[in-house]
Amino acid sequence: HYYAYDYANVHVLSLDTQDAYGFAPGSDQYTFAENDLAAAAADPDVDHIFVIAHVPPYSSGGHGLRDHEDWMPVREHLAPLFAQYGVDVMFAGHDHDYERGEVDGVTYIVTGGGGAPVDLTDFLPEELQDAIEGLGLGGDPSWLLGDLVQMIPGWQLWLDLLGWEFDGNPWKIEGAMLNHFIRVRITGGLFEAEVHSRQGDLIDAW
């Protein structure tokens, strides 16, 4: 369920973030992750440290809006380790979209749009989600709200007038609801990434 390996000058740590009780401090997985990252950070032959997992600690998609029991343990327990030991990038999925964010010097990538249908939640601000829930609609209306907001003429202007930012999470740098793939190129200490739609259009580069 968790392991690590080196490939040339890259160290990769793979974690099981779907078990909310399997990576708290003191657990076997947490101890493994901490020891592994400490060793990688001290290894002069390692130029890049990546973490791969399913559930991300930061996401503007549907799971990030509502499923606190999924992402909050990852954020509370594992994200501090990533910052402490200089993880460069965490790649995760869970939400079916693309997002690049940064917190405490760590780049967080949500790349869950490889082939499954993309989520219809888009990147809804918390205030807008709360307003819909306050109307007593119940359940999870975010998928419907994401579509409605985009169909309203001038929706961005109206949100601006209300003081709401559609891309409302402070960590988010770039994001899109689309199927995509990420091409990574590593040359020595240089890391380059390009994100493309299935049609080949460039979505993001960093």
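User: What share of the contacts in the protein chain with a separation of 6 or more comes from residues 24 or more positions apart?

Analyst: Residues 24 or more positions apart supply 61% of those contacts, where contact means heavy atoms within 4.5 Å. The model is predicted: local features need pLDDT of at least 70, side-chain atom pairs count only at pLDDT 80 or more, and totals for chains, interfaces and linings use all residues. Residues are numbered from 1 along each chain as its sequence is written, and side-chain values use heavy atoms, with hydrogens and water left out.

User: Why is Tyr3 called partly exposed?

Analyst: Buried means under 20% relative accessible area, exposed over 50%, and partly exposed in between (1.4 Å probe, protein chains only). Tyr3 has 44% relative accessibility and therefore counts as partly exposed. Tyr5, at 39%, is likewise partly exposed. Buried residues make up 46% of the 206 residues in the protein chain.

User: How many aromatic pairs are there, and what makes the pair of Tyr3 and Tyr5 stacked?

Analyst: The count comes to seven aromatic pairs. Rings of Phe, Tyr and Trp (its six-membered ring) pair if their centres lie within 6.5 Å; planes under 30 degrees apart count as stacked, over 60 as edge-to-face and the rest as tilted. Tyr3 and Tyr5 stand 6.5 Å centre to centre with 20° between the planes, and the pair is stacked.

User: What makes the pair of Phe50 and Phe91 edge-to-face?

Analyst: The angle between the planes is 90°, at 5.8 Å centre to centre, and the pair of Phe50 and Phe91 is edge-to-face. This pair links distant parts of the chain, with Phe50 in strand S3 (residues 48-52) and Phe91 in strand S4 (residues 89-92), 41 residues apart. Phe50 and Phe91 are both buried. Ring pairs also link Phe50, Phe91, Phe191 and Trp206 into a cluster.

User: How do you know that S8 pairs with strand S9?

Analyst: Two strands pair if DSSP finds at least two bridges between them. Eight bridges join S8 to strand S9 (residues 190-197), and the two run antiparallel. Phe181 stands opposite His196 in S9. Helices (H or I, at least four residues) and strands (E, at least two) are DSSP runs, numbered from the N terminus; the protein chain has six helices and ten strands.

User: Why are S8 and S10 placed at the edges?

Analyst: The order in this open sheet of three strands is S8-S9-S10, with antiparallel pairing. Strand S8 (180-187) and strand S10 (202-205) each have a single partner strand, so one side of each is left without a neighbour in the sheet.
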